[in-house]
Amino acid sequence: MTPLLMELGAERVASHTESGGRAAGWGRPAIAGEVDLTHGRILYLEDVSVSFDGFKAINKLSLDIAPGELRCIIGPNGAGKTTMMDIITGKTRPDAGTVYFGSTIDLLRHTEAEIAQMGIGRKFQKPTVFEQLTVFENLELALKTDKGVKASMFFRLRSEQGDRLAHVLHTIHLAGSEHRLAGNLSHGQKQWLEIGMLLMQDPKLLLLDEPVAGMTDEETVRTAELFLTLKGQHSLVVVEHDMSFIRRICEVVTVLCDGSVLAQGTLDEVQSDERVIEVYLGR
Amino acid sequence: QSGNTIKVGILHSLSGTMAISETVLKDTALMAIEEINAKGGVLGRKLEPVVVDPASNWPLFAEKTRQLMTQDKVAAIFGCWTSVSRKSVLPVVEELNGLLFYPVQYEGEELSKNVFYTGAAPNQQAIPAVEYLMSKDGGGAKRFVLLGTDYVYPRTTNKILRAFLKSKGVKDSDIDEKYTPFGHSDYQTIVADIKKFSAGGKTAVISTINGDSNVPFYKELGNAGLKAKDVPVVAFSVGEEELRGVDTKPLVGHLAAWNYFMSVKNPANDEFTKKWAAYAKAKNIAGHKDKPLTNDPMEATYIGIYMWKQAVEKAKSTDVDKVIAAMGGQTFKAPSGFTAKMDEKNHHLHKPVFIGEVRADGQFNVVWKTPGPVKAKPWSPYIEGNDKKKDEPDGKSKV
Amino acid sequence: MIKNLLSALFCVLLAASAHALTADEALGIATGDTDARIEAVGKAVAQPDAKTAEFLQALAEDRVKTAGGKVFVVQGEKAIDPVTGAAASLPSDAEDVISNNRMRGEIDTALAAIRLFSPDASQRAQAVRALAGEPDEARLPMIEKALQAETDGAIRQQLELARAAILLASEDPAKRLAAARALADSRSPATRTLLVEKLASEPDRAVQAAMRAALRSVESSLAWAERAGQVFSGISLGSILLLVALGLAITYGLMGVINMAHGELMMIGAYATYVVQGLFQRYLPAEVFGWYLVAAVPVAFGASALMGAILERGVIRYLYGRPLETLLATWGISLMLMQLVRSVFGAQNVGVENPSWMSGGVVVLGSLQLPWNRIVIIGFAAAVLAGMAFLIARTRLGLFVRGVTQNRSIASCMGVNTARTDTLAFALGSGIAGLAGCALSQVGNVGPDLGQAYIVDAFMVVVLGGVGQLAGTVYAALGLGILNKFLEGWAGAVLAKIAVLVFIVVFIQKRPQGLFAVKGRSAEA
Amino acid sequence: MNAIVVNDNIPSPSGGGQGGGSRVEGQPAVVARAAPTPTLPQGGRGLLSRTGWAGFLIALALVCGVAPLLNLVVPEGSAFHLSDYAVSLVGKIMCYAICALAMDLIWGYTGILSLGHGLFFALGGYVMGMYLMRQIGRDGNYQSELPDFMVFLDWKELPWHWALSDSFIATLVLVVAVPGLLAFVFGFFAFRSRIKGVYFSIITQALTFAAMLLFFRNETGFGGNNGFTDFKRILGVTIATPQTRMVLFVLTGVVLLAFFLFSRWLVTAKFGRVLQAVRDAESRVMFCGYNPVRYKLTIWVISAMMCGVAGALYVPQVGIINPGEMSPANSIEIAVWTAVGGRATLVGPIVGAFLVNGAKSWLTVTAPEFWLYFLGALFIAVTLFMPQGIVGLLRRRKDAP
Amino acid sequence: MLTVKTIDQYYGGSHILRGVSLDVPQGQVTVLLGRNGVGKTTLLKTLMGLVPIKSGSIAWQDREIQRLTPYQRARAGIGYVPQGREIFARLTVAENLRMGLASQPASTPVPPQLFELFPVLKQMLHRRGGDLSGGQQQQLAIARALAAKPRLLILDEPTEGIQPSIIKDIGRVIRTLASEGLDGQRMSVLLVEQYYDFAEELADQYLVMERGEVIARGPGTEMQAKGIRQLVAI
Ligand SMILES: Nc1ncnc2c1ncn2[C@@H]1O[C@H](COP(=O)(O)OP(=O)(O)OP(=O)(O)O)[C@@H](O)[C@H]1O
Ligand SMILES: Nc1ncnc2c1ncn2[C@@H]1O[C@H](COP(=O)(O)OP(=O)(O)OP(=O)(O)O)[C@@H](O)[C@H]1O
Ligand SMILES: NC(N)=O
Ligand SMILES: [Mg+2]
Ligand SMILES: [Mg+2]
């Protein structure tokens, strides 16, 4: 992808956001399997609730994300952030509510694998990589390509795919470690590897659950920069507790508390909100 | 033949599920061989037993047979217990023209030139037992439960018995046929059913339950209060060894049919049981050194080995064809007290039939016996078409 | 026993002039062909005296021998003459008197007839039951006489039923009618057979109706008994499955060791029971023999627990975190243990007796006999379960076991002596397997293959219940037990077993983590 | 293509935040140095290494050339003669090795322990056995077209499931189709319900156990407990001759080697890595966009079919097939061979099958009363001292210096 | 006081810790910094005895402990908060806390202060540990280590995933623990932390690791002056 293309993409995103998606989507036919962005929303949750043994982890949560947006989500421990991601990726089925990807795809009707194939990628709060495979193989598996059985039997890495893989390896500071078993990496290295896998997967929507936990400050900065380059082309939902990181990347911050949205706005707005200070930031 | 010895193969499971029954046959065979060697062996040569363990695994029986015959070049094999193991071995002994002595009661329907059957055919065990049950002394049973483990020997035996009972005018509704899986250990329902069935008239149970399930069956029977005088059970696979594992006090009066019981009194048996006791002690055979027991398949093994020895001596060779020819008509003064004779043609023994009632000490009281040895009918006349069968194996080996 | 009989006879003697047993009679009863012997018994019992009863009792207990036309009764070490009661010396060529089933049946009936007049109520009750089986007109006077003398209500009722059964064949329709009405109270299957048989030939309308009513009542009580019997046998099978699975619920369910040697640990418990039985037989007086089982319980537990501890220390502890390898190692262990038992005890089964207090059963609902050994095992299983549940859920050791098995190294960092906890836990699971073996010795084989027969079932129960879920194990065991027994009554043992297995396969589809699945996130962690 | 490309020069964000909890202040933007393109391993570099191919070809030559020569041409007295017994033994073990290989695919690589593979083996064997029974023709005990056991059960005609048994071609198809179909149906439901780990293992065990009981029944129509034996001919050729046996031997060897290559191809392809990923973290695989059900089902069915073929080759060589092959213990043994040899190594399971069965054959003769101690001790020793199995140990030896 | 002398540690063939020496003085907070994968966690694991050391010695309260098992070290008064939470997923919160008391006599209660610090744990006492959110689990892990009132507290990135307000509380607590302990006895604290500001604020001593070696050390007050932040970053 060339810088030119990136620019074009950014323009498109801009028109999306300005017109609420209408301009960009006007008159475009909905293509099956393609995410339909006519309503200017790549992700749309409404009145979602889920409870575990009577405990309401998500309570009438409504939220939407625009294409190309980088949205940060903060909130106290146990607010339901991870659970929300579980719902979006099909891991947890909500008791009530609707979850749409674009304006046509009802995510509640799809399995995890299908959701992933549609273009929603996820990094888990606890780093999960394939411990018995090498770093290289981890990335190769994540690579965006036909994920069918037959295709993987006959799969050969094309050279541009290889280049991309090499780039990602470099980005995640694991160049030179590609033959190590992922299980032998340190905690922070696994975090990076998982981000790398997400990059390889090239999803339309990235869900990142505490991506910089356990990273050094320097790496936090790098991650922030990485996310900023992704923004525009991709939609990102980032959950973090690291305020400096959020400050670096985010315009709109959503605060979740007790399973629903407590506040939303710029970081400064949110940070001065008394309720947010009370439940989350502390004095 | 290698050197000065004649090798004989002993093919009994020493591990796996059948070890329970077969191990002692291996020891019996070794005892007989030791005896024969002590008296100078056969044709002036000592016998050398080759013991292998087919581990209750049927294909392994075939493999071991081939090994015994081609690697060790044994002159004869004494072995097998279950019919399926015999059937697995059969093609190999026929192909290689070997000799197998099979010492266990079985369902018949088979004759092979290369096999000598020293256990009972159905007419030497099952039929007389049922006749006894129907007699006045046997309780005059009118209804029958045919209870067995679900495999070929019980199925076949019961098929023959059903035909036999029919010929005696027993209605189908008075026969209840029941099977349990191998290793079945919970006989509550079965015993309850027998109880229910027996309310309909004088009932007897004919059990072809396989070795291991007998203990739970008899324990249940004892505790459920079914007494032998009300509902006698006659078993074809329960001998002294099987009763070792049961408290026999509640079972007194239940029956078994065999061609030999340890308790029969005659000089030949005295000698046999004494020899066995001494041998078990000398060889430190677990279980038997403290409580030596003999049973029908042991006797059949013993007879088999001696008859083979006599045939070899008659043929003056261990050559299989010559030995086969010499086997017909061999006689042996068996521990049963009768002279067992190898039929001239059909490779089965003429044997007496005993019906025994269980005693409190786990032995049997003989309550009935045939006046003399009975000729075996491997092709049961109660099965359609068998009347046309020749009562001898095809002359040629069946390749 | 003998004393009771004597006093029973005393009553009889009041009624009829007794006739003393003669040597010829004794010989006639003991020898000859069965028909003649039975006739001789009949004659002797017509006017029995104490000696006759004593002699019959000895016959029933196989204590009679003959030699040279003389009859001897063996009493312990000595022999006595049945006629004179004088001590006699037993000739060395004396032969056992062998009674076959038919003979034994006659002797029992004769003894029952005598016992009908015993002062001991339980003796009388037993005698009535023995006589009720086959209605025989010849016994009518005896029963009526007994009825006159009887004071115990329950026995009276039984006697009346016995009389009714006989009277059903009476010439007099009125008597038949009364008999049919009386029989409605009976709960014995024999009554049903009798009613069905007599109904076919009954000419009188009213009697027919009464018979039909009686039949309905008998049948319904029989049906209840049958259903209750089925439930009981299901619970009983379930309790055995539970015992078999409980130990595995620890070693496998909690500790994650795919313990293929679990069955062999049960086998060790069973053999320990056998050894204790042998020691009691050899070294302790016969009166206490019945308690061998009580002594065997801790010994079985200890033996298996010790073996478990040795295995854990020697092999298993090197395999934590590699559960699939434990499959291989414990498979090897199981082969070795089986062969060890074959070498030591022989390949054949060994005999373990039910102590007398566990033999026989209790009769409920008229026709249903619940065996004591099964009742005791149900109780035993419940006790073991309660003990284990307490230990696991309520004690510190239980907490440590659960903690250690979830995260060994962190538990260690918290100050748990993980090595000791592991050994204790594995020994506990093994010990419970030993207890199961001890219980199994009372209902089944004790042989080298004992464990193999149960290992598949044990794993199925634990897995069906949900690994690590004690409550699940309990439900799975009882559920499978009852399901199996109901299906068996309906489709036979083989198909029932197949159906149960298929049921498990299908059920797991619905509940892929077993009956009591851990839900939520913690399931993955 | 909308791929993510990470620029080497990441633009530095404008202005760090000043708020509370800020971690990074006044940091210079980090500029990553241009990375030298790392050398990347290429998938599918070739199935085997050079020594691997050499070994493979030697094995092929042994099976196809040397063994027949030593058995059929070299005279019996010679020291180089290969006995019929050895031929039948090795032939049998090669069938087991195929099973172990199949088990390795599903257990070693995919992490699914099947305790029911004996069932697929037996089914393949039964299909072949039915054909062989029909080949007996009228030479059975009862001189009927029907197999003896049917005559004995008073059956007058072949039951429906015997319909295709007289066609060799149909038999060849069914040998893979029957186990394959059963595996497909079973696997489809089981994997779809997300049955995993020991739950899966146990229901496979229940399945084979139920099948064993079913086949024990005479009514089922497969000869009950005795199964099928006393075969006479295959494709019209007498079965019990050294020549036929040698043909079967060579065929088994070739099939084993072919399956080895095929498995090798499967696991070195990306397909194999997905399987391993499924083994390590199935849910992560889903979030990568793979449908693990398909993958598991594919390898499961392939594995079952391989076992079926092994069973079909086994039956004419050992001369008997009966429900005992479906006993749970037999299936466990397959897993044992695989573990002894080394899981996830492909060569390992083959070595394991040969070692365990070879030891069994040898010890049951030389130490009939003690062989279980040796075998048991072997299993314990392997787990304790060779966690990766025998092949794993050899590998470590090689890697050490 | 904990004294570590020139320890070396290997994973298979690779040399992870190279002659690491350090002291953790009584009643002080020692902070260990370093980039990802330099061996911080490994070092802490060797202190707990979870991985063996090849050479060197570890002394705690003048007693050599490098031969002791982890549980013996725990009983000697060392508490550990592992990286990645490592709570007992299928035990309840209450049971997790009781596991933390394993080194104490059976009747020891859970110190009530813990619930003041982490109120959420009180609410969720009977929920299974594995069902908690990431941050809740982290709080539980800290509480579990504190339950036994250790004399030396080893924390591996304790703030990971915890909301800012509680991080502040944790900071305050660590300070108090070092100076007063839970029951008046001062505690030594060894803290591995990526969150530099948090670390700097707490540090009485600091250590910086790089590729398995300690490359810088000194009193906390000098951190700023010595440019430790940059040292860790580059
Ligand atoms: N299976 C479950 N059973 C019970 N409670 C649960 C379960 N899963 C989640 N919860 C509860 O739901 C709430 C939301 O959890 P979630 O993991 O979504 O929080 P979070 O916002 O991601 O928190 P954190 O910032 O700590 O990661 C928590 O209180 C948690 O304890
Ligand atoms: N089990 C293992 N086997 C082999 N190497 C390992 C193992 N665990 C860790 N390593 C390696 O040892 C090095 C040190 O790891 P360690 O976990 O101690 O790092 P760390 O400093 O704690 O990093 P982080 O800040 O990411 O947690 C890393 O390079 C890691 O890849
Ligand atoms: N032949 C028998 N008893 O299987
Ligand atoms: Mg979270
Ligand atoms: Mg770390």
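Let me start with the magnesium ion that is ligand 4. In this predicted model, its protein donors are A:T82 through OG1 and A:Q125 through OE1, at 1.9 to 2.2 Å from the ion. Donors here are N, O and S atoms within 2.8 Å of the metal, or 3.2 Å for Na, K and Ca; water is not among the atoms, so sites may look incomplete. A:T82 sits in helix α3 of chain A, residues 81-88, and A:Q125 in the loop between β6 (120-123) and α5 (135-142) of that chain, so the pair ties together parts 43 residues apart in sequence. Helices (H or I, at least four residues) and strands (E, at least two) are DSSP runs, numbered from the N terminus. A:T82 and A:Q125 are both buried, where buried means under 20% relative accessible area, exposed over 50%, and partly exposed in between, with a 1.4 Å probe and protein chains only.

A word on conventions. Residues are numbered from 1 along each chain as its sequence is written, while chains are lettered from A and ligands numbered from 1 in the order in which they are written. Local features need pLDDT of at least 70 and side-chain atom pairs count only at pLDDT 80 or more, whereas totals for chains, interfaces and linings use all residues; side-chain values use heavy atoms, with hydrogens and water left out.

Next, ligand 1. Which chains does ligand 1 lie between? Chains A, C and E. There are 23 residues around it, and A:T82, A:T83, C:R521, E:S133 and E:G135 come nearest; a residue counts as near if one of its heavy atoms lies within 4 Å. For polar contacts, pairs of N or O atoms within 3.5 Å, a side-chain atom of A:N77 is 2.9 Å from a ligand 1 oxygen. The backbone of A:G78 places a polar atom 2.8 Å from an oxygen of ligand 1, and on chain E, a polar side-chain atom of E:Q136 is 3.0 Å from an oxygen of ligand 1. On its own, ligand 1 has 640 Å² of accessible area, and the protein covers 99% of that; areas come from the Shrake-Rupley method with a 1.4 Å probe.

E:T41 belongs to helix α1 of chain E, residues 40-48, and E:Q83 to the loop between β6 (78-81) and α3 (93-100), 42 residues apart. E:Q83 counts as buried because its relative accessibility is 12%.

That brings us to ligand 2. Residues from chains A and E surround ligand 2, so this site is shared between chains. Of the 20 residues around it, the closest are A:R180, A:N184, E:G37, E:T41 and E:T42. A side-chain N or O atom of A:S186 is 2.8 Å from an oxygen of ligand 2, and a backbone N or O atom of A:G188 is 2.7 Å from an oxygen of ligand 2. Ligand 2 exposes 630 Å² when taken alone, of which the protein buries 86%.

Last, a residue in chain B. B:T149 lies in strand β6, residues 143-149, and is buried, with a relative accessible area of 1%. Its side chain reaches the backbone nitrogen of B:N210 at 2.8 Å.

Methods
A polar contact is a pair of N or O atoms within 3.5 Å; within protein, one must be able to donate a hydrogen and the other to accept it, and residues adjacent in sequence count only if both atoms are side-chain atoms.
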